[in-house]
Amino acid sequence: MRLVTREEYLDYIREHDSIVIEDQVVPLKPITIDRLEPDEDEDQPTDTTVWSFPKRGSWATHKGDYRGNWAPQIPRALIQMYSNPGEVVLDQMVGSGTTCIEARLLGRNCIGIDINYAAIMLSHHRLYYLEEYAKNNPDNEWSRNVLSTWTKLYHGDARNLEEIEDESIDLIATHPPYFNIIRYTKKVEGDLSKTRKLEEYLSWMSDVAREAYRVLKPGRYCAVLIGDTRIRRHYVPISHYVLRVFLKQGFILKEEIIKIQHKMKTTREVWRKLKKRDFLLIYHEKLYVFKKPGSEEDLKTHKYSGFLEDIS
Ligand SMILES: C[S@@+](CC[C@H](N)C(=O)[O-])C[C@H]1O[C@@H](n2cnc3c(N)ncnc32)[C@H](O)[C@@H]1O
């Protein structure tokens, strides 16, 4: 796990005008910002267990061109619900930096980590232009939030958060690869999307959950967005297995939110063309909000929201 500084990013963009994630090129051009908050269409309700954002947010430096990125509305809602200004938010699989951008806009500090160096460069890029905009337009609440907070970006592995102290994080909001549905890298060791066997993926997720539990303050929350898949026309409930892995680490379940999936363009087009499709299209993901118990009492009171041994 290595801290990647602003200077290192500035050196990088002197020599590169894009990053490549697998075969997808994402340009690193200057970013123009027209607003720092969601518009009316982007601002959908998050007060029930079903969330739907038909229009992916594009305020500030958000852009949906990193594969498998999450809509900024998700970390935004989580940060508002489960943290306070001035606290520290962690996303240990930060991708294009969506969580850190939202954390800063909302006046929280952010630690972002990714196993893919290119993703860390992209996160730096988006945060750099956010800060530049805030410096040039300091007279609004969002810019003041950005200017009064910090981000630390690390190139590292979510299974080993060695630089982060025990019980130092106020909120975790993270979005792992869904097994190997989208490959982020071919060669990077430890990339969760590189696993071939679900058993191996779940054992790595168990390490992720263990580290998340260690660094989170007691009584605070860890939110994980995860989706399912089909193999040979049958449903593979990745989210259920991941839920079990987190409960087994000692977390208790605060919320299970169904997130409606929009714009699964390629998968949907392929499946739709199948004349005889004897299965349903998957149109949702799961957003689990876990709590690290604050005390023994917490564990006893919420026994049925935690891990129940198998009943034979
Ligand atoms: C679904 S994407 C996250 C996208 C992010 N929410 C965004 O909005 O851009 C999953 C990320 O996990 C990263 N990743 C995979 N294995 C990892 C590991 N062991 N440690 C840290 N990051 C990992 C991938 O490189 C990828 O960027």
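**Contacts, core and cavity**

Reply: Start with Asn 109: beyond its neighbours within four places in sequence, Asn 109 is in contact (heavy atoms within 4.5 Å) with Gly 86, Glu 87, Val 88, Val 89, Ala 103, Thr 149 and Trp 150. This is a predicted model: local features need pLDDT of at least 70, side-chain atom pairs count only at pLDDT 80 or more, and totals for chains, interfaces and linings use all residues. Residues are numbered from 1 along each chain as its sequence is written, and side-chain values use heavy atoms, with hydrogens and water left out.

Me: Which strand is Asn 109 in?

Reply: Asn 109 lies in strand β6, residues 109–114. Strands (E, at least two residues) and helices (H or I, at least four) are DSSP runs, numbered from the N terminus.

Me: Is Asn 109 buried or exposed?

Reply: Asn 109 counts as buried because its relative accessibility is 7%. Buried means under 20% relative accessible area, exposed over 50%, and partly exposed in between, with a 1.4 Å probe and protein chains only.

Me: What lies 3.1 Å from a polar atom of the Asn 109 side chain?

Reply: The backbone oxygen of Gly 86.

Me: Next, Pro 85. Where does Pro 85 lie?

Reply: Pro 85 is in the loop between α2 and β5 (88–91). Its relative accessible area is 62%, so Pro 85 is exposed.

Me: What does Pro 85 touch?

Reply: Gly 107 and Arg 108, not counting residues up to four places away in sequence. Pro 85 and Arg 104 are 19 residues apart in sequence, and their C-alpha atoms are 9.5 Å apart.

Me: Change of topic. How many residues does the largest nonpolar core have?

Reply: The largest nonpolar core has 88 residues, and Leu 78, Tyr 201 and Phe 246 have the most contacts inside it. Helix α4 (residues 117–136) gives the most to this core, with 10 residues. A nonpolar core is a set of buried Ala, Val, Leu, Ile, Met, Phe, Trp, Tyr and Cys residues joined through side-chain atoms within 4.5 Å.

Me: And what does Phe 246 touch?

Reply: Not counting residues up to four places away in sequence, Phe 246 touches Met 205, Ala 209, Cys 222, Val 224, Phe 251 and Phe 290.

Me: How many cavities of 30 Å³ or more does a search of the whole structure find?

Reply: One. On a 1 Å grid over the protein atoms alone, a cavity is a set of points where a 1.4 Å probe fits but cannot get out; lining residues have an atom within 4 Å of a point. Grid points are joined across faces, edges and corners, and a volume is the space filled by probe spheres set on the points. The largest cavity holds about 320 Å³ of space.

Me: What lines the largest cavity?

Reply: There are 28 lining residues, with Met 93, Gly 95, Asp 114, His 175 and Pro 177 nearest the centre. By class, 11 are nonpolar, 11 polar and six charged. Ala, Val, Leu, Ile, Met, Phe, Trp, Tyr, Cys and Pro count as nonpolar, Asp, Glu, Lys and Arg as charged, and the others, Gly among them, as polar.

Me: Backbone now. What is phi at Ala 60?

Reply: Positive, about 50°, although Ala 60 is not a glycine. Most residues other than glycine have a negative phi. Ala 60 sits in the loop between β4 (50–51) and α2 (73–82). Ala 60 counts as buried because its relative accessibility is 6%.

Me: And what about phi of Phe 179?

Reply: Near 55°, also positive. Phe 179 lies in the loop between β8 (169–174) and α6 (198–215).

Methods: On a 1 Å grid over the protein atoms alone, a cavity is a set of points where a 1.4 Å probe fits but cannot get out, and a pocket is an open set with protein on both sides within 12 Å along at least five of seven lines; lining residues have an atom within 4 Å of a point. A polar contact is a pair of N or O atoms within 3.5 Å; within protein, one must be able to donate a hydrogen and the other to accept it, and residues adjacent in sequence count only if both atoms are side-chain atoms.
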